[in-house]
Amino acid sequence: MRRNIVWEGADQLHYEIREIVGTAHKLEELGVEVIYENIGDPVQKGEEIAPWIRDIITGLASDSKSYAYTATEGDLNTRKFLADLVNKRGGCEITANDLIFFNGLGDAVSTVFAFLKREARVIGPSPAYSTLSSAEAAHSGYNHMTYTLDPEKNWMPDLDDLEKKVRYNDSIAGILLINPDNPTGAVYPTEVLKQIVDIARRYDLFVISDETYAHIVYNGGKTCHLSEVIGEVPGIAMRSISKEYPWPGGRCGWLEVFNRHRDANFDSFIQTLINAKRLEVCSTTLPQLSIPLVMGDPRYIPHLEGRAAIFAERAVEAVDILNKVPGIRVNLPRGAFYLTVLIDPESLTNWKTLEMPPLVEEFLREPMSRAAPDKKLVYNLLGATGLCTVPLSGFCTDLPGFRVTLLENDDEKRLKIWHTLAESLTSMLSS
Ligand SMILES: Cc1ncc(COP(=O)(O)O)c(C=O)c1O
């Protein structure tokens, strides 16, 4: 090329959660029966969509109006409905004009970081959900800036670390949090959220709270929405129907913007996001139209409660089995549907590989030779047992380990997954 046409931050665009699938597919060709434990798609793992939700969506699919474009910011009736839900909670008041729809939160994340001034950084948690951390890193052209989630304290954010980084780095313009968190399953108590907002207030920052899993909280986790604690600080909550209905293939997510008009610079930034969406015309109509019908239905809250109770049981089941394995640490998830297995770094220095079929071993030799230590173990686990997990090194952290999901819907298969994991790790890590 006469000119370099590659974006400065291009090498930051990594999504390990899906990248491992390429390897898994190759192994399937070599005869390995792969169990996909990498991706947070409840439908792929066997969850049936509640018949009444399906009926609503079928009804909409039969209505010609669902096939039209919608307003750039999203369907007005839906935005009014959602603004009303926020206002009923108490806290920050918003109107329909403070909501912007996207084709899934993935789209919202890309747009937010694509149009954030390059020098303005957003500090996020480590471990980090890679869509967010990679988008932020790619926007800036540098590594993502992070504050620590402490595994010794149930993955609560280290607020001293956060404040120090904010104080000494004036390029930081925003704080990102994910609550409940992916990949750790941590749920931040209201007090922790208030302290994060307080840091933002004192240093004149905005807050982004990814609330994808806000209604999947269990095992004693207690939290609230950002809108309830944001006060007068500029903020954005990111919401989605992907994991709640669940309808990840619907590609429907939205931003709730708080205190937009209290800061002229923040206001201009939000207007830029809307202008960018306008160039695309709008986001998909039908899933938006379903929101007041589904979320306004009296069956919705019991539906959410029922799902949370299922994940609560699965989390306990997995932790009970895995915590007997020497050399690993698992904190009980209290939200979302992931489980992070931390591996003691010392056990990882001389772990024993599991035997793999010869062709599989030959295929994995090269990728294993250049992989981070935890990814090497994840490859071996995949090659030997077919379990496809995601190494923690793909989540912007130095802590070795991997993430699995609590999504397998077949009780027998799920138990087999935990026992296979426990037995494999015991063989790999015992001295
Ligand atoms: C924390 C978090 N944010 C955002 C997303 C993306 O969601 P969507 O399907 O709405 O793009 C995910 C998906 O796994 C997620 O875990």
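Leaving aside neighbours within four places in sequence, which residues is L76 in contact with? A71 and A96. Contact here means that the C-beta atoms of two residues, placed from the backbone, lie within 7 Å.

Two notes before I go on. Residues are numbered from 1 along each chain, as its sequence is written. This is a predicted model, so local features need pLDDT of at least 70, side-chain atom pairs count only at pLDDT 80 or more, and totals for chains, interfaces and linings use all residues.

Back to L76. L76 lies in helix 3, residues 76-89. Helices are DSSP runs of H or I with at least four residues, strands are runs of E with at least two, and both are numbered from the N terminus. L76 counts as partly exposed because it has 13 C-beta neighbours inside 10 Å. The scale is this: buried takes 20 or more other C-beta atoms within 10 Å of the residue's own, exposed takes 12 or fewer, partly exposed is in between, and C-beta atoms are placed from the backbone. One more pairing for L76. Q288 is 212 residues away in sequence, yet the C-alpha to C-alpha distance is 9.7 Å.

Now the whole chain. The protein has 13 helices and 14 strands. Of its 431 residues, 47% are buried. The C-alpha trace spans about 60 × 55 × 55 Å along its principal axes. A compact globule of 431 residues would have a radius of gyration near 22 Å, and the protein has 22 Å, so the two agree. That radius is taken over C-alpha atoms, and the globule rule is 2.2 Å times the number of residues to the power 0.38. Take the contacts between residues at least 6 apart in sequence: 73% of them join residues at least 24 apart.

Eight strands form an open sheet with mixed pairing, in the order 2-9-8-7-6-3-4-5. Strand 2 (99-102) and strand 5 (156-157) are at the edges; each has a single partner strand, so one side of each has no neighbour in the sheet. Two strands pair if DSSP finds at least two bridges between them. Strand 3, residues 121-126, runs parallel to strand 6, residues 172-178, and three bridges join them. In that pair, R121 stands opposite I172.

Helix 5, residues 130-140, packs on this sheet. Helix 5 touches strand 3, strand 6 and strand 7 (206-210), and its direction makes about 150° with that of strand 3. Helix 6, residues 159-168, lies across strand 3, strand 4 (146-150), strand 5 and strand 6. Helix 6 runs at about 175° to strand 4. For these angles, axes are lines fitted to C-alpha atoms, for helices over the stretch in contact, and the angles run from 0 to 180 degrees between N-to-C directions.

There is also an open sheet of four strands, with antiparallel pairing and the order 10-11-14-13. Its edge strands are strand 10 (328-330) and strand 13 (390-391), each pairing on one side only. Strand 11, residues 338-343, and strand 14, residues 401-405, run antiparallel and share five bridges. Y338 stands opposite T405 in strand 14.

On to the backbone. Most residues other than glycine have a negative phi, and most peptide bonds are trans. Where are the cis bonds listed here? One joins N179 and P180, with omega about -10°. Another runs from N182 to P183, with omega near 20°. P180 lies in the loop between strand 6 and helix 7 (190-203). P183 lies in the loop between strand 6 and helix 7 as well.

Then positive phi. W155 has a phi near 65° and is not a glycine. W155 is in the loop between strand 4 and strand 5. With 22 C-beta neighbours inside 10 Å, W155 counts as buried. A336 has a positive phi of about 60°, again not a glycine. A336 is placed in the loop between strand 10 and strand 11. A336 counts as buried too, because 30 C-beta neighbours lie inside 10 Å.

Last, the ligand. How many residues surround the ligand? There are 14, and the closest are G104, L105, G106, S240 and S242. A residue is near a molecule if its C-beta atom, placed from the backbone, lies within 6 Å of it. Helix 4, residues 104-114, gives the largest share of the shell, three residues. The shell divides into four nonpolar, nine polar and one charged. Nonpolar means Ala, Val, Leu, Ile, Met, Phe, Trp, Tyr, Cys and Pro; charged means Asp, Glu, Lys and Arg; the others, Gly among them, count as polar.
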